[in-house]
Amino acid sequence: MPELPEVENVRRQLEAMLDLVAPSPTKPRPRRYLLGAEFFRKDLRFPFSKKLRDRVQAGKHLGPVLGIERRAKYLLFRFESGLLLSHLGMTGAWREIGRDTSSEVFRKQRGKHDHVRLLFDNGQSFVFEDPRRFGYMDWVDAGVQAQHKLLKHLGPEPLGPDFDAEYLFRSTRGKTSTIKSFVMDGRRVVGVGNIYASEALYRAKIRPTRKAGKLNQAEAESLVVAIRDVLKAAIESGGSSIRDFKGADGYRGGFQDLHLVYDRAGEPCRTCGTKIVSKQITGRSTFWCPNCQPK
Ligand SMILES: [Zn+2]
C-alpha cells in the first residue's frame, strides 16, 4: 500500500508531468485547465459523488490548476474553485497516456482497471487505474477543506510546522497507549506508517512499548526529529526509483535497503550488535533493539 513517501513522490511527479512549475522566477507559471473527465464506473471504494462528477465534467469552469498538493495520503488537485481529492487506496495509480488521445481511441485501448480519465487543455490526459478499487475520489469546494469528512480529523503533517516537540509532548500527556500506537494514529500525526514508526523510534532511542504519556521533553524532541528524518529519507529514496510511473509495483522505492530495525528480528543491531527483537503491538509487527532502546 502506498504510504506518505510514495504519495509525495506521486504528487511531485504529477506536478512535473503537468509542467506546473514556472520556467524561471520572472516567468509566469503555465496555466493548465481541465477540459473534462470520463468515468468508466459508478464507484471505487465509495460511489463517485454527484458533486464530483458535475464539477470535473464542467472542466474549464473550475479555473486553472493551481497545483498538486498532498494532505496525509490524499492527493489534492487544486483548482481555483476547489479540490479534486484522490486516494490511491492499495493499488491505485495515476499515469499519463499519449497526448491528444480521443475518447474513441481511448475506449479501445483502455485497460480493464482504468476507471477515470482526466483531460487537460494542452492535450494531456491522466488515467486512474486501480485493480483492487480501494482508491477513492471526491470533490471539495474551495474554502471548506478543513470541514471535509475525510480531512477534518487528520492530525498535523509530520513534515509541516505544526508537528514539533511542544505539540508531541503536550498531546501525549496522560496517554496510556504505547508511543508506537500513538504516532501511528492519524488523528495525532498523519503519515507515520508501521515501518516508519519502528525506524523512527529506533533512531530516537525510545522503546516502542513505552507509554506515550511517559515521554519526557527531550524524547519528544528526538522523536519529532527522527520521524521527519525517516520520512524525508524515504521520500528521497522513493524518488529515485519511481521513474516509469506505471502502477503500484512502480512505487517500490529504495527505502527498504535503509531499514535499521524493521524486519530484522534476530539480526544484530547496527549500532551495538545486540539482537533485534520483534513483537506485535496493536496487531502490527514492531522491531527494536533492547539495548539501544531501554525500557
Ligand atoms: Zn543496539
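Reader: How many Å separate the centres of domain 1 and domain 2, taken over C-alpha atoms?

Author: Quick housekeeping before the answer. This is a predicted model, where local features need pLDDT of at least 70, side-chain atom pairs count only at pLDDT 80 or more, and totals for chains, interfaces and linings use all residues. Residue numbers start from 1 along each chain as its sequence is written.

Now the answer: the two centres, taken over C-alpha atoms, are 30 Å apart. Domain 1 covers 4–147 and domain 2 covers 165–288, with bounds that come from an automatic or database domain assignment.

So what sits where they meet? Look at the largest nonpolar core, which has 66 residues. (A nonpolar core here is a set of buried Ala, Val, Leu, Ile, Met, Phe, Trp, Tyr and Cys residues joined through C-beta atoms within 7 Å. Buried means 20 or more other C-beta atoms within 10 Å of a residue's own, exposed means 12 or fewer, and partly exposed is in between, with C-beta atoms placed from the backbone.) Ala-200, Leu-223 and Ile-227 touch the most other members of this core. Helix H7 supplies its largest share, eight residues. Because domain 1 and domain 2 both give residues to this core, it lies between them.

Skipping neighbours within four places in sequence, Ile-227 is in contact with Pro-158, Val-183, Val-192 and Ala-200; contact means C-beta atoms, placed from the backbone, within 7 Å.

H7 spans 217–241, and the loop between it and helix H6 (194–203) holds Lys-205. Helices (H or I, at least four residues) and strands (E, at least two) are DSSP runs, numbered from the N terminus. Most residues other than glycine have a negative phi. Lys-205 isn't a glycine, yet its phi is positive, about 60°. Lys-205 counts as partly exposed because 17 other C-beta atoms lie within 10 Å.

Definitions and conventions
Contact = placed C-beta atoms within 7 Å.
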